[in-house]
Amino acid sequence: LEANHDYETDLEIVDSWWYQAPAYLNIDLRDYDIDIVKEDNDYYIPLYLANLLLSGEYSNVYETPDKLIIFDDPEDIDLLIEDMIKETDPYEANIVKHTKNFTTLLLNHFYGLRKHKNISDYKNVLDELNYDDITSITDLQYKQNELILYLDDLHTSIYSYGYKNDGYEPIIPDVLPDKIDQFYEALSNYECLPREGMTLLDFDEGYLLKVYDFSLDTKTLFEELKSEINPYKPLYIDLRCNTGGMLTGVLDLFPYLTNDTFTLHTKTPLSNIRISRVYDYPEDIALSNDIYLLTSEVTFSAANLFTSLFRQEEIGTIIGTDTSGGACAIAFTVLPDSSILIYSSHFAMTDASYQLIEDGLSPDIYTVEAYGLKDPLEFIEALFNDNFDYQLTDTHDGLSIELQLDYISNNPSVSVNSYTVQLFDPTTNLLLSEDTYNTNSFNTVYNLNRELNIKIQVNFAYNGHELTIYLQEEITVRSNN
């Protein structure tokens with residue numbers, strides 16, 4: 001099958017560094033009752049083991065009764081095997097045994113979260129789940145589903161139960177593991193429908209950029225929307241329904257947020273090899289808007305990494321709830337029973353101190369508001385109004401207008417950083433000019449030679465994190481000239 005990884009990016013790696021402890025992988029196959037046989041100077045290795053050790057994590061050979069298929073996308077296999085006739089396998093007991101043993105080997109030596117979950121040997125886990133009681137492939141598939149639930153890892157699942165599957169469908173228990181339950185409950189609460197790409201919503205208070213996934217199209221999609229974003233209003237990047245996607249999409253979107261270099265930190269958890277790569281874009285394309293990030297328990301995987309980079313590079317304030325984490329890139333392998341397992345690989349994303357971001361990230365400011373499109377903007381407005389008393393006075397005579405603004409903070413942890421007075425053409429809504437005052441209060445006079453709409457934007461700090469709102473009053477004045 002044709003490979004699926006044609007892509008070019010203008011991002012450049014301008015620096016890198018790495019730290020490596022002594023690293024080697026020593027697997028005693030006798031511990032897993034797996035043999036490599038030598039006969040007449042030829043070596044015979046089980047196909048499932050060759051897939052894992054020789055072909056890499058992103059390309060596999062799939063064996064069917066009449067052909068071998070080389071593939072790099074599990075979806076291709078699902079399409080090819082859906083019409084295959086299911087027959088009883090005469091070697092069913094051996095297939096069950098080898099699937100159990102190979103699953104144990106994979107989790108012990110290739111699963112990126114074994115140490116993070118503090119598991120010394122997954123054989124003990126499979127024993128706890130009574131794998132020795134399995135007598136058929138169907139029973140095995142029930143048990144594999146139990147194992148997936150035990151792992152409570154949203155990145156790890158049985159993608160396909162394979163052509164040997166005789167009608168088994170996963171059973172969803174009434175009580176799900178904590179992380180899986182939190183994720184799917186949030187999907188429902190935030191009314192997240194399966195969507196791809198992004199949409200831009202324009203409100204008076206700011207722009208809401210809803211990014212539904214990260215893909216090879218992320219850069220192109222944002223380029224198409226970029227011209228609609230005026231620099232004078234804040235931009236809220238909404239990842240509340242983003243379950244992840246591709247690393248490339250995350251990296252390609254970042255040059256629109258900062259003209260500085262940014263650094264991706266990764267490590268191999270089982271061997272503790274740590275690598276940092278510094279990325280730069282050949283030209284300055286970053287937006288000048290104030291930029292904020294919205295998160296939820298649905299924010300996972302690549303969206304979780306985007307959140308981590310957003311904080312690490314100090315792009316802006318993060319508003320919402322805890323993300324669901326997801327630190328490891330996914331890999332897949334074919335198990336002896338013909339099923340395809342997707343799992344958290346050794347390639348793990350970290351913060352700048354090389355700590356896994358697997359368990360999720362907290363926002364700078366928590367909000368439990370979860371419904372509708374404008375709620376984050378209304379939440380910020382409520383934060384301001386609950387903590388400030390202000391008086392805005394405008395005096396005009398048709399020739400000039402005088403603006404006087406005074407405020408009192410009701411909360412010592414909240415303070416005003418600046419005000420920006422913006423003058424708009426009321427017919428075209430184009431920004432004519434703006435002036436920023438880095439004071440708690442201000443008094444200013446503008447000469448009137450045309451009709452104007454005047455808006456006042458406030459940048460304030462809440463518990464040390466910056467936020468931006470518009471005051472509710474919009475002033476329209478006419479000129480006598």
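Biologist: Which side chain has a polar atom 3.2 Å from the backbone nitrogen of Ser 344, and what makes such a pair a polar contact?

Modeller: The side chain is that of Thr 156. A polar contact is a pair of N or O atoms within 3.5 Å, where within protein one must be able to donate a hydrogen and the other to accept it, and residues adjacent in sequence count only if both atoms are side-chain atoms. The 3.2 Å between Thr 156 and Ser 344 is within that limit, so the pair is called a polar contact. A further polar contact, of 2.6 Å, joins the side chains of Thr 156 and Asp 153. This is a predicted model, in which local features need pLDDT of at least 70, side-chain atom pairs count only at pLDDT 80 or more, and totals for chains, interfaces and linings use all residues. Residues are numbered from 1 along each chain as its sequence is written, and side-chain values use heavy atoms, with hydrogens and water left out.

Biologist: How do you know whether Thr 156 is buried or exposed?

Modeller: Its relative accessibility is 3%, and buried means under 20% relative accessible area, exposed over 50% and partly exposed in between (1.4 Å probe, protein chains only), so Thr 156 counts as buried. Thr 156 sits in the loop between helix H5 (137-151) and strand S6 (157-160), where helices (H or I, at least four residues) and strands (E, at least two) are DSSP runs numbered from the N terminus. Leaving aside neighbours within four places in sequence, Thr 156 is in contact (heavy atoms within 4.5 Å) with residues including Tyr 111, Ile 148 and Leu 341.

Biologist: Is Thr 103 buried or exposed, and what is its relative accessible area?

Modeller: Thr 103 has a relative accessible area of 1%, and is therefore buried. Thr 103 belongs to helix H3 (residues 92-109), and, with neighbours within four places in sequence left aside, Thr 103 is in contact with Gln 144, Leu 147 and Leu 335.

Biologist: Why is Leu 53 called partly exposed?

Modeller: Leu 53, found in helix H1 (residues 47-54), has 40% relative accessibility, a value in between the two limits, so Leu 53 counts as partly exposed.

Biologist: What is the phi of Asp 40, and why does Asp 40 count as exposed?

Modeller: The phi of Asp 40 is positive, about 55 degrees, although Asp 40 is not a glycine. Asp 40 has 68% relative accessibility, and so counts as exposed. Its place is in the loop between strand S2 (37-39) and strand S3 (42-44). Tyr 354 likewise has a positive phi, of about 65 degrees, without being a glycine, but Tyr 354 is buried, with a relative accessible area of 10%, in the loop between strand S15 (340-350) and strand S16 (365-366).

Biologist: How many residues does the largest nonpolar core have, and what makes a set of residues a nonpolar core?

Modeller: It has 76 residues, and a nonpolar core is a set of buried Ala, Val, Leu, Ile, Met, Phe, Trp, Tyr and Cys residues joined through side-chain atoms within 4.5 Å. Leu 209, Phe 214, Leu 235, Ile 237 and Phe 306 have the most contacts inside this core. A second, separate core has 37 residues, among them Tyr 292, Ile 319, Phe 379 and Leu 423. In the protein chain as a whole, 51% of the 481 residues count as buried.
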